[in-house]
Structures are given as C-alpha cells and as structure tokens.
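Please take a moment with the sequence and the fold before reading on.

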Amino acid sequence: MKDFIFLIGPSAVGKTTLAKELYQHYSGVYIEQNMVPEFIIPNDVGDVGIYEEDLCFQNTLMQIKWFYEKGYRNIVALDFDDLRVRSFPILFKGYDYIILRLISSNFQQIKDQMEERHRTGQGLYIPNNRGKSNEIIKNRPLMPNEVVIDVAGKTKEQVLKEAIELINNTKILLDYDYEPLDTKYFRSWIQSYGLNKE
C-alpha cells in the first residue's frame, strides 16, 4: 500500500489509461488536476498561465491531502504541469509515495497516439511540442522515489503489470537529501516559463 502514486510523463504516453487501471486495482482514489471546478480569472491578474496553473495545482494538492487525512491510501494523481514534478520530493517527503514516469523509447508510438487523440477529439494535442517533451522527460535524472516505465511496444496490460510490480516492490525512501533539478530538465505549458519551445 502506498500513500500516493503519482503518474508523470509526456502527453499521449498513456498516463490516464494506466492511472484508471491502478485506481481500480488498488481500490484507492483517482485525481486529475483537470478535475478542478471551472473558475473565472480576475481581470487584474498579470500572468494568466501562472495564475491558472497555480490555482489548479493548489486545489489538487488540497484534495490529495484531504483524502489522505480521511484515511484513504493508494491515491493515484496525475495531469500536473511537468515543472511541478520537481517539487514532489519536497512536498511529500516523509510519505510513502512513488512517482511513475512513463516514457516511450519509440517516439512514433507517442506521435501515433497523439494523432489518434486528435482524430477522436480526446486529450491534449500539441503536435509541435511532442518530440522535445518526450526527449527531455525521458532523459532527466531520477528524483527520490521515482521509477521509469518505458511503454514502447507494450500493451496496456503489460504496462499495468510492470507498474504494479514496481509499486509493490520498490524500496521507498522516507528521508533523503534533495535539491530540485534544474528547470532545463522539465517542460511546462505555461508560455512565460519558456520551457515548452521545440
């Protein structure tokens, strides 16, 4: 049993599919950041992107911790701006958490999945950003309690099995030293951060 199971990775790598399966398998909680209620951004906000992402992230963080305080475990959470991931080892130090980073060593697989999303009107579609995002996320150093799953050539059943094995068998660190990685290892949909350029 884990306190939190975080799923991260580039768009169209299969995070949502895996998260829903893990939520069912562990009988836990499923939280996506995009589940935050709709809200109007005040007119006096300087940077709309930063404001919106921060409000959504803080709201999601409160939900995650509320479920934890109510006794829920195996809280599966995803859909975070990639730059937020670098703060997880700070925010969740002392908790029994794992970060599953999904990547694909076969870029064509991500490209095909994103095109399928576009065709069916589901999910984020960022055709000019997919290659760089995948490479940066794939190659960045590991953070505490983070593991990598390469989904290339695997069925969703194979990915689920691998994820469960990692969740059940990875030795989790509750105490560690951590300096946040340089922002060059991360992506962000917030334009003013300048991390989403191809």
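Which side chain does Arg-187 join in a polar contact? In this predicted model, the partner is Ser-133, and the polar contact between the two side chains is 3.2 Å. Arg-187 is found in the segment after helix 6, and Arg-187 is buried, with a relative accessible area of 6%, where the cut-off for that word is under 20%. Although Arg-187 and Pro-10 are 177 residues apart along the chain, their C-alpha atoms are separated by 8.8 Å.

Five strands form an open sheet in the order 2-3-1-4-5, and their pairing is parallel. Strand 2 and strand 5 are the edge strands, each of which pairs on one side only, and the twist from one strand to the next averages 20°. Strands of a sheet pair through backbone hydrogen bonds, in either a parallel or an antiparallel manner.

Strand 1 is joined to strand 3 by three bridges, the two running parallel, while strand 1 and strand 4 pair in the parallel sense over five bridges. Individual partners can be traced in the model: Phe-4 has Ile-75 of strand 3 as its bridge partner, Phe-6 stands opposite Ile-99 in strand 4, and Leu-7 has Leu-100 of strand 4 as its bridge partner. Because five of the five residues of strand 1 are buried, this strand is largely enclosed by the rest of the structure. Both of its faces are covered, with Phe-4, Phe-6 and Ile-8 buried on one side and Ile-5 and Leu-7 buried on the other.

The buried residues of helix 2 are Gly-49, Glu-53, Cys-56, Phe-57, Thr-60, Leu-61 and Ile-64. Seen down the helix axis, these buried residues fall within an arc of 140°, so they line one face of helix 2. An α-helix has 3.6 residues a turn, so residues three or four places apart point the same way. The buried residues of helix 2 pack against strand 1, strand 2, strand 3 and helix 3 (88–91), whereas the face turned away from them carries the exposed residues Met-62 and Glu-69. At the start of helix 2, a side-chain oxygen of Asp-47 reaches to within 3.1 Å of the backbone nitrogen of Gly-49, and just after the helix Gly-71 takes a positive phi of about 100°.

Helix 6 can be read in a similar way. Helix 6 (residues 156–169) has 14 residues and reaches 20 Å from its first C-alpha to its last, close to the 20 Å expected at 1.5 Å a residue. In helix 6, the residues Val-159, Leu-160, Ala-163, Ile-164 and Ile-167 are buried, and because they cover an arc of only 135° around the axis, they lie on the same side of helix 6. Their cover includes strand 1, helix 1 (15–26), strand 4 and strand 5, while the face of helix 6 turned away from its buried side carries the exposed residues Glu-157, Lys-161 and Asn-169.

Key:
Residues are numbered from 1 along each chain as its sequence is written. This is a predicted model: local features need pLDDT of at least 70, side-chain atom pairs count only at pLDDT 80 or more; totals for chains, interfaces and linings use all residues. Side-chain values use heavy atoms; hydrogens and water are left out. Buried means under 20% relative accessible area, exposed over 50%, partly exposed in between (1.4 Å probe, protein chains only). Helices (H or I, at least four residues) and strands (E, at least two) are DSSP runs, numbered from the N terminus. The arc is that of the directions from the helix axis to the C-beta atoms. Contact means heavy atoms within 4.5 Å. A polar contact is a pair of N or O atoms within 3.5 Å; within protein, one must be able to donate a hydrogen and the other to accept it, and residues adjacent in sequence count only if both atoms are side-chain atoms. The expected span of a helix is 1.5 Å times one less than its number of residues. Two strands pair if DSSP finds at least two bridges between them. Axes are lines fitted to C-alpha atoms, for helices over the stretch in contact, and angles run from 0 to 180 degrees between N-to-C directions.
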